[in-house]
Protein chains: 2
Amino acid sequence: MKTYLDCIPCFFRQGLEAARMGTEDEEKQRKVLDEIAKELPQIPLNSTPPEMGRKIHKIVRRIAGSSDPYKKTKDKYNKIAIRLYPKLRGRVEKAHDPLLMGIRVAIAGNIIDFGVNTHIDLEQEIEQILKQDFAIFDYISFKKALEHTDELLCIADNSSEVAFDRILIELITEKLNKKVIYVVREKPIINDATIEDALFCGIDKVARIISSGSDGPGTFLSLATNEFRAYFNRAELIISKGQGNYETLSEEDKPIFFLLKAKCPVIAKDLGCKVGDIVLRSL
Amino acid sequence: MKTYLDCIPCFFRQGLEAARMGTEDEEKQRKVLDEIAKELPQIPLNSTPPEMGRKIHKIVRRIAGSSDPYKKTKDKYNKIAIRLYPKLRGRVEKAHDPLLMGIRVAIAGNIIDFGVNTHIDLEQEIEQILKQDFAIFDYISFKKALEHTDELLCIADNSSEVAFDRILIELITEKLNKKVIYVVREKPIINDATIEDALFCGIDKVARIISSGSDGPGTFLSLATNEFRAYFNRAELIISKGQGNYETLSEEDKPIFFLLKAKCPVIAKDLGCKVGDIVLRSL
C-alpha cells in the first residue's frame with residue numbers, strides 16, 4: 001500500500017506517542033517531532049507507510065536513548081493474552097467450524113492494544129469479533145489453499161496476538177497435519193512480536209520460528225533474511241496478520257491471506273471496507 | 001494558551017484539510033505538508049496554536065493560489081445559518097431567561113461546522129446545546145459586568161455563527177440598551193467571520209463592526225489595528241467566541257468572557273473540561 005497524504009499527520013501522532021513512551025522529557029519529545037519533520041520531504045508517496053514508521057521509531061530510540069521503549073507494556077499485555085489462551089482454545093475446539101473460529105480468534109488478538117483499559121472491555125471486544133460478520137471473506141479460497149499445501153507461513157503482528165495465533169496454529173498443525181513457519185520481527189519495534197514474545201507464548205512447541213529480518217512495523221522484503229526469503233518464495237499459503245503487514249505486502253504477487261481488523265481509515269479505504277470491519281482477504 | 005505537543009500532528013491534519021479545500025492537485029497538497037514541516041522547528045511552544053495556524057494558511061493560500069479557499073463553503077453555511085435566525089430569535093424572546101438563552105444560541109452557532117451533513121443533524125445539535133448543562137458557568141459575574149458597562153466588545157469566531165450572535169447582540173442592544181462593537185478578522189482565514197459575513201447577517205443594523213487586524217484564526221494583539229486596540233484596552237466587558245479566540249486571549253488580563261463549545265481535547269484540558277462541553281468562562 002502506498003503512503004496517502006492522510007498518513008502524514010498520523011506519522012506525527014505516532015511519533016509523539018512513541019516519544020512519550022520512550023521519555024518523559026518534553027524537550028526530547030519535541031525534538032522527535034522536529035526530526036520527523038526533517039525526514040518528511042524525503043519520503044516518496046509510493047513507499048509504504050511502515051517505511052516511514054521504521055524511520056520514526058529509529059528517531060525515537062535514538063533521542064529517547066532506549067532500544068525498546070515498549071518493553072514494559074508489551075510484557076504486561078503478553079501476560080494478559082496468555083491468561084485468555086485456555087478459554088479461547090476451548091471455544092475453538094467446541095466450535096461448529098473450528099478453523100473459522102481459529103481465524104476469528106487470531107483476528108481478535110489484534111485488539112489487545114494499548115488503549116484497552118479493563119479486562120471486561122477486552123473480553124467484550126473479543127466476544128464481538130468472534131461473532132462479527134466479515135466485510136471481506138475469502139474463506140473458500142483460504143480452505144482450498146490450505147488443503148493443497150503441507151507448509152504455510154504465518155507472519156505475526158503484535159506481541160500480544162501471539163497467544164491467540166498459537167490457537168490457530170495448533171489447529172492447523174495438530175488437526176490438519178500441516179507445518180507452520182511463524183515469522184516475527186528481527187528487532188523490537190513498537191509492540192510488534194519478536195522471538196522473545198513467540199517463545200513466551202510457546203510457539204516453538206507448535207511451529208518453527210524465524211525472523212523476517214524486519215526492524216520496522218511491517219514486513220520489508222528488502223530487509224529479508226535469506227531464510228525468510230526462501231520460505232516466502234516457495235510458500236503456497238501465507239497468513240499475514242494485522243495492518244503493518246498488509247501495508248508492506250499488499251502489492252506482492254504471492255498467495256497471501258490478510259487477517260486483520262481495520263483500525264485506520266486509510267487502510268479501510270484501501271481495502272474497500274469500514275473502520276472496525278474484520279477481514280480475511282486473499283490477494 | 002501555549003502550543004502543546006499534541007497540537008503538532010493536528011497542524012498537519014489542518015494543513016491537509018485546508019490544502020484539499022484550496023486545490024485538487026495532490027502534489028501541491030503534499031508541498032503544503034512539506035512546507036509546514038519546514039516551519040515546525042522554528043515554532044516556540046510558548047506561542048499560541050493560532051500563530052502556527054496563521055502560517056499554515058499562508059502556505060496553503062500561496063501554494064494553492066487562492067486567497068480564500070473556504071469562500072464557497074462559507075457562503076453555503078452563512079445561508080443555512082440565516083435561515084435558522086427567526087426561529088432561534090423566537091426561542092430567545094420566549095425564554096424564561098432570555099439573556100442566558102441568547103448566550104446558549106451564540107454558543108450553538110459554533111457547531112455549524114464543515115462536518116455537519118444534514119439540517120436534521122444540525123437542528124438536533126442546536127437543540128442539545130440549548131438544553132445542555134454548562135461545564136464552566138461564570139454567569140453571575142457576566143451579568144454583573146454587563147450591568148456595570150454601557151459598551152461591550154464581541155469578538156466573532158466562525159462566519160456561520162454571526163447570525164446566531166446577532167440574536168444575542170439584539171437582546172443586549174434593544175432590551176438592555178448597551179452598545180456593542182462586533183470584532184471580525186481583517187482577512188479571510190479558514191471559515192472565520194470577516195466584514196462581509198457580518199454585513200451578510202445584518203450586524204451593521206445592531207452593532208458597530210470593526211476589524212481586529214487579524215489574518216489568522218484567532219485575535220493577535222500584535223496585529224491589532226489602532227481602533228481595535230483602543231476599544232480592547234478600554235473595554236469593561238469582552239465576549240470572546242470560540243476556540244481560536246480563547247487560544248490567543250486566554251492569558252490577557254482583561255474582563256473577557258469566553259463562550260465556546262470545547263471541540264478539541266487540548267483546549268478542553270487547558271480549560272479543565274471535557275470535549276463536547278459548553279463553557280461560559282471569565283478570566
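Reader: In what order do the seven strands of the open sheet in chain B lie?
Author: A strand is a DSSP run (E, at least two residues), numbered from the N terminus, and two strands pair if DSSP finds at least two bridges between them. In this sheet of chain B the pairing is mixed. The order of the strands is 1-7-6-5-2-3-4.

Reader: What kind of model is this?
Author: Residues are numbered from 1 along each chain as its sequence is written, while chains are lettered from A and ligands numbered from 1 in the order in which they are written. Local features need pLDDT of at least 70, side-chain atom pairs count only at pLDDT 80 or more, and totals for chains, interfaces and linings use all residues; the model is predicted.

Reader: Which strands of chain B are the edge strands of the sheet?
Author: An edge strand here pairs on one side only. The two in chain B are strand 1 (134–137) and strand 4 (208–211).

Reader: Which residue is the bridge partner of B:Ile239 in strand 6 of chain B?
Author: Strand 5 (residues 238–241) and strand 6 (residues 256–261) of chain B run parallel and are joined by four bridges. In strand 6, the partner of B:Ile239 is B:Phe257.

Reader: What angle does the direction of helix 5 of chain B make with that of strand 6 of chain B?
Author: A helix is a DSSP run (H or I, at least four residues), and contact requires C-beta atoms, placed from the backbone, within 7 Å. Helix 5 (residues 98–108) of chain B packs on the sheet, touching strands 5, 6 and 7 (278–282). Axes are lines fitted to C-alpha atoms, for helices over the stretch in contact, and angles run from 0 to 180 degrees between N-to-C directions. The angle is about 55°.

Reader: Is A:Gly102 buried or exposed?
Author: A:Gly102 is in helix 5 (residues 98–108) of chain A. A residue is buried if 20 or more other C-beta atoms lie within 10 Å of its own, exposed if 12 or fewer, and partly exposed in between, with C-beta atoms placed from the backbone. Because A:Gly102 has 25 other C-beta atoms within 10 Å, this residue is buried.

Reader: Which helix supplies the largest share of the side of chain B that touches chain A?
Author: In this interface, 16 residues of chain B are in contact with 16 residues of chain A. Helix 1 (7–22) and helix 2 (26–39) of chain B each supply at least two residues of that side of chain B. The largest share, six residues, comes from helix 2 of chain B.

Technical notes. Contact = placed C-beta atoms within 7 Å.
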